[in-house]
Amino acid sequence: MDDNTIVCRCEDITLKELRDLIKEGYTTLDEIKRALRLGMGPCQGNICLDIAAREICKMTDKTMEEIKMPRKRPPVLGIKMGELAGDQDEK
Amino acid sequence: MKSKAEIVIIGGGVIGASIAYNLADKGMKDIVVLEQNYIASGSTGSCGAGIRQQWGTKMNCLLSRKSMEIFENMNEILDTKRDIELKQGGYLLLAFSKKELDQFKENVKLQHRYGIPSELLTVKEAKEIVPQLNTEGITGATYCPTDGHANPFRVTQAYVEAAQRKGVEFYTYTKAEDIITEKGKIKKVITDQGEIQTNKVVNAAGGFSKEVSQMAGIEIPTKSERHEILVTEQVNPILKPMVMSFSYNIYCQQTPDGSFVMGYGDPDEPESHNIKSSWQFLEEMSKKATHLLPFLKKIRVIRQWAGLYNITPDAQPILDEATDLEGFFMAVGFSGHGFMIAPMTGILMSEMILGEELSIDIELDLERFENDRLILEPSVV
């Protein structure tokens, strides 16, 4: 993959941005998530977090087993606030 | 890990980082910060990211106004690598009764005394600032155009990096486990990664302030409780200020990236360290928010989370040195507004620790809770 490959589609983050951050010393997904907003979009990190985990392993001596996934937060998919509020006409 | 330090700061949130930076900036050497997880992993990183100056006590007004001046110049002061994402879209505070509006009038008088550019608004004027607002039941409002938002991770990281350039060492994933004292003096801090000899400790442990104080044998009247937040998908900018009400119990702001961040305080929330999300919050929050700002009905919630408020009986922080333990400093109990007053807190604590004259006369000592000198902050969510 080249540097311009988008690794997080929700936040438009490129592989270069991710690699630069790992070089800076950000080597946990929790730290990367908060610095880049990676995994904070509508997909909840389903695409990008695995890619980021693999990049950390490639660039450091960590193994996939040592990489901790950030805490999963609800909801799994986006829900309109009107639906959550129980508005019949929003369904 | 160092085996000796001039001072050990427990807590790598925005408060600990701000204190560390200000101490190093004044020339102190051998400063160590301990963080049990990663930087800003506790209350700082889960906060609502708002910065407000419209307060109801002198202390909170002064701390927040002077902190805002620093936020306004933070990128330059700290030579930040990544912009702190300051957005000054104002805070619109809504009153829902005559009594609440009367309190607002008092607050505005107080705020003006300390140089905060807030103003009292009629319902019509409030609607001009937020045209989408459902004004049902609203009796009036106050507005401060320079209130707003900053990114808590970026701000904390900016303090950390500026402090590191001045020699401060941050040990992340390192938990303080005990503080050893002898005859009213601190000897060392024991961590899960080793021991550090020191005579000075700062408790900046946020949600764990009580536990850290107890390590040193000091009892403090702080309690932690869960506060939940949700965030929506990103949309074009449509809401300029933070919309907030104490009686209706809500805050909601559109952040610079376009998402809405909102929360409310559950009056029945028990004291705990629970930071799990609840479906009850999701439902109640949606009802409250869509009633006040109906356009939110069409916007999707994408994530919810929770963090800890560390609350004192008067909703104002404790900034003090323990009387019974020399060198034990506390910057705790921020009651949900630590992020927004962190810049000034760092300055004041560094002055207190170095024995300098304080740049603000603060009345935030621990003894106030025993002597019944409490000045209750009326304006909290």
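**Entry 1: the two domains of chain B**

Domain bounds, as I use them here, come from an automatic or database domain assignment. The model I am looking at is predicted, and I began by asking how chain B is divided under that assignment. I found domain 1 made up of 7-46 + 153-222 + 314-369, and domain 2 made up of 89-146 + 223-310. Taking the centres over C-alpha atoms, I noted that 30 Å separate domain 1 of chain B from domain 2 of chain B. To the contact between them, domain 1 of chain B brings 16 residues and domain 2 of chain B brings 12 residues.

**Entry 2: what the domains bury between them**

I then looked up the area that domain 1 of chain B and domain 2 of chain B bury between them, which comes to about 900 Å², with 48% of it on carbon and sulfur atoms. Which residues of domain 1 of chain B lose the most area to domain 2 of chain B? They are Ser46(B), Gly207(B) and Thr222(B), and together they account for 44% of what that side buries.

For the polar side of this interface, I recorded 10 residue pairs in polar contact between domain 1 of chain B and domain 2 of chain B, counting pairs with both residues at pLDDT 80 or more. The rule finds 1 salt bridge across the interface of these two domains. I also looked up Lys210(B), which forms a salt bridge with Glu271(B), with the closest N and O atoms 3.5 Å apart. On the side of domain 1 of chain B that touches domain 2 of chain B, helix 6 (residues 209-215) of chain B gives the most, with 3 residues. Sorted by class, that side of domain 1 of chain B has 5 nonpolar, 9 polar and 2 charged residues.

**Entry 3: an aromatic pair in chain B**

Over all chains, I get a count of 6 aromatic pairs by the rule. I picked out Phe96(B) and Tyr248(B), whose ring centres are 5.3 Å apart and whose planes stand at 20°, and the pair is therefore stacked, since planes under 30 degrees apart count as such. Phe96(B) sits in the loop between strand 4 (91-95) and helix 3 (98-113) of chain B, while Tyr248(B) sits in the loop between strand 14 (242-245) and strand 15 (250-254) of chain B, so the pair ties together parts that are 152 residues apart in sequence.

**Entry 4: chain B against chain A**

Turning to the two chains, I found 35 residues of chain B in contact with 29 residues of chain A. The area buried between chain B and chain A is about 2700 Å², and carbon and sulfur atoms give 53% of it. How many salt bridges are counted between chain B and chain A? The count is 4. I also looked up the salt bridge of Asp87(A) with Lys297(B), where the closest N and O atoms are 2.9 Å apart. Polar contacts between chain B and chain A number 15 residue pairs, both residues being at pLDDT 80 or more.

Helix 5 (152-165), strand 13 (223-232), helix 7 (279-292) and strand 17 (300-311) of chain B each supply at least two residues of the side that touches chain A. By class, I listed that side of chain B as 15 nonpolar, 8 polar and 12 charged residues.

**Entry 5: details within chain A**

The structure holds 32 salt bridges over all chains, and one of the salt bridges I looked up joins the side chains of Arg19(A) and Asp3(A) at 3.1 Å, N to O. Arg19(A) belongs to helix 1 (residues 15-24) of chain A and Asp3(A) to the segment before strand 1 (6-8) of chain A, a link between distant parts of the chain, 16 residues apart.

For the backbone, I noted a cis peptide bond from Pro74(A) to Pro75(A), with omega near -10°; Pro75(A) is in the loop between helix 3 (48-59) and strand 3 (79-80) of chain A. Asp12(A), although not a glycine, has a positive phi of about 55°, and I placed Asp12(A) in the loop between strand 1 and strand 2 (13-14) of chain A.

Definitions and conventions:
Residues numbered from 1 in each chain as written. Chains lettered and ligands numbered in written order. Predicted model: local features only at pLDDT ≥ 70, side-chain atom pairs only at ≥ 80, totals over all residues. Heavy atoms only, no water. Contact = heavy atoms within 4.5 Å. Buried area = accessible area lost by both parts, 1.4 Å probe. Polar contact = N/O pair within 3.5 Å; in protein donor to acceptor, adjacent residues only side chain to side chain. Helix = DSSP H or I, 4+ residues; strand = E, 2+ residues; numbered from the N terminus. Nonpolar A, V, L, I, M, F, W, Y, C, P; charged D, E, K, R; others polar. Phe/Tyr/Trp six-rings, centres within 6.5 Å; stacked < 30°, edge-to-face > 60°.
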